[in-house]
Amino acid sequence: VVEVTGNERVPTAVILSQLQRAGVRPGAYGPAIREREAASNALLGLPELSYLAVNIYGTRAEIIVREVEKAPVPADIVAAADGIIEDIQTDAGRAMFQDGDVVAKGETLISGVLDLKEPEGGTVDLGSLVVHAAGNVTARTWRTLEETIPLTSQVKEYTGEESRSWGLKILWFDLDFFENSSISSGRYDKITETAELTLFGRPMPAALTTVTRRGYTLREEPVDGEQAAKELEELLWFRLEELMAARKGEVLRTDFVTRQEDGRLTVTLLAECREEIGRTVEREGEVGRIYGTPQEDTKETG
């Protein structure tokens, strides 16, 4: 028996396939397996792994692996919203703003490009080091959320027209009869009822289906403006809470504005918040690569 532990990204089947080439497979004679040699040979064919060990315990082969850690992707921290920075903490990269600065959505808050300082008196351009920027940026923001609905709603009014049709299903056969679905208004509710047929209390492989169609028309009815405004306010508040939960923020102050125009009711939520506005945006390049053109010292000869 061969058991593999420690892998997450590399499929177990891939590891077992490579181990089989190294002689470790179900049914192999355990004492004949050279554990270190088999582990080394298998590891050569698995560049996704940084470590592999083979341990034989009687009839069980325990395979312990460690996967290669992924290198961090170069990235910047950019602003997800307009705001005034209250606190900026940098773990990696270079802060482009300081506390009290006003920033706009999309601006780079923490850059992933670090300028390498040239030693005093040196003549070599050391360029820049590209890293995965990390940090937290808390800012005061102002959010505007809006919802709108019509001031009238359509209500069903049944006309009294009604039609029925029946169908019988026996085994895999479907039989429809007395089909009549003509409703003058063209609009109808369709209600389907299915009854399983029985004989002497035992279910049969047959069922009777009744389809009822009830005609209706639509009429417009004014909505309760006060109730509708209250429901829209609750909806906007729920959206704001979801937004703050995602941004690890808090609501400092809110105000609602209600207006009616062009047959619609619109409610606007104005909120002052404190939230994390940093958003990681990956960039092209390689982690740790130095950009710049080295300048060599030259001597005149004559």
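A residue is called buried here when its relative accessible area is under 20%, and by that rule strand 4, which covers residues 75–79, is mostly covered, with five of its five residues buried. The model described in this report is a predicted one.

Within strand 4, the side chains are divided between two directions: Ala 75, Ile 77 and Ala 79 point one way, whereas Asp 76 and Val 78 point the other way, and all are buried. Strand 4 is joined by five bridges to strand 18, residues 278–282, and these two strands run antiparallel; in that pairing, Ala 79 stands opposite Gly 278 of strand 18. Strand 4 is also joined to strand 8, residues 108–111, through two bridges, again with the strands running antiparallel, and here Val 78 has Thr 108 of strand 8 as its bridge partner.

Another part of the model holds an open sheet of three strands in the order 1-3-2, with mixed pairing. Strand 1 and strand 2 stand at the edges with a single partner strand each, so one side of each is left without a neighbour in the sheet. On average, and with direction ignored, neighbouring strands of this sheet are turned by 20° against each other. Strand 2 and strand 3 run antiparallel and are joined by eight bridges, and Asn 55 has Glu 62 in strand 3 as its bridge partner. Helix 1 packs on the sheet, where it touches strand 1, strand 2 and strand 3, and its direction makes about 130° with that of strand 1.

| Strands | Bridges joining them |
|---|---|
| Strand 2 and strand 3 | Eight bridges |
| Strand 4 and strand 18 | Five bridges |
| Strand 4 and strand 8 | Two bridges |

In soluble globular proteins, nonpolar side chains tend to be buried together. The largest nonpolar core of this model has 17 residues, and those with the most contacts inside it are Ile 15, Leu 19, Val 24, Leu 49, Leu 52, Val 54 and Ile 63. At least two residues of this core are supplied by each of strand 1 (2–5), helix 1 (12–21), helix 2 (35–44), strand 2 (49–57) and strand 3 (60–67). When its neighbours within four places in sequence are left aside, Leu 19 is in contact with Val 2, Val 24, Ala 42, Leu 52, Val 54 and Ile 63. Apart from this core lies another, of 13 residues, which includes Ala 229, Met 244, Val 267 and Leu 269.

Methods
Residues numbered from 1 in each chain as written. Predicted model: local features only at pLDDT ≥ 70, side-chain atom pairs only at ≥ 80, totals over all residues. Heavy atoms only, no water. Core = buried A, V, L, I, M, F, W, Y, C linked by side-chain atoms within 4.5 Å. Buried < 20%, exposed > 50% of the residue type's maximum accessible area, 1.4 Å probe, protein only. Helix = DSSP H or I, 4+ residues; strand = E, 2+ residues; numbered from the N terminus. Contact = heavy atoms within 4.5 Å. Pairing = 2+ DSSP bridges. Axes fitted to C-alpha atoms, helices over the stretch in contact; angles between N-to-C directions.
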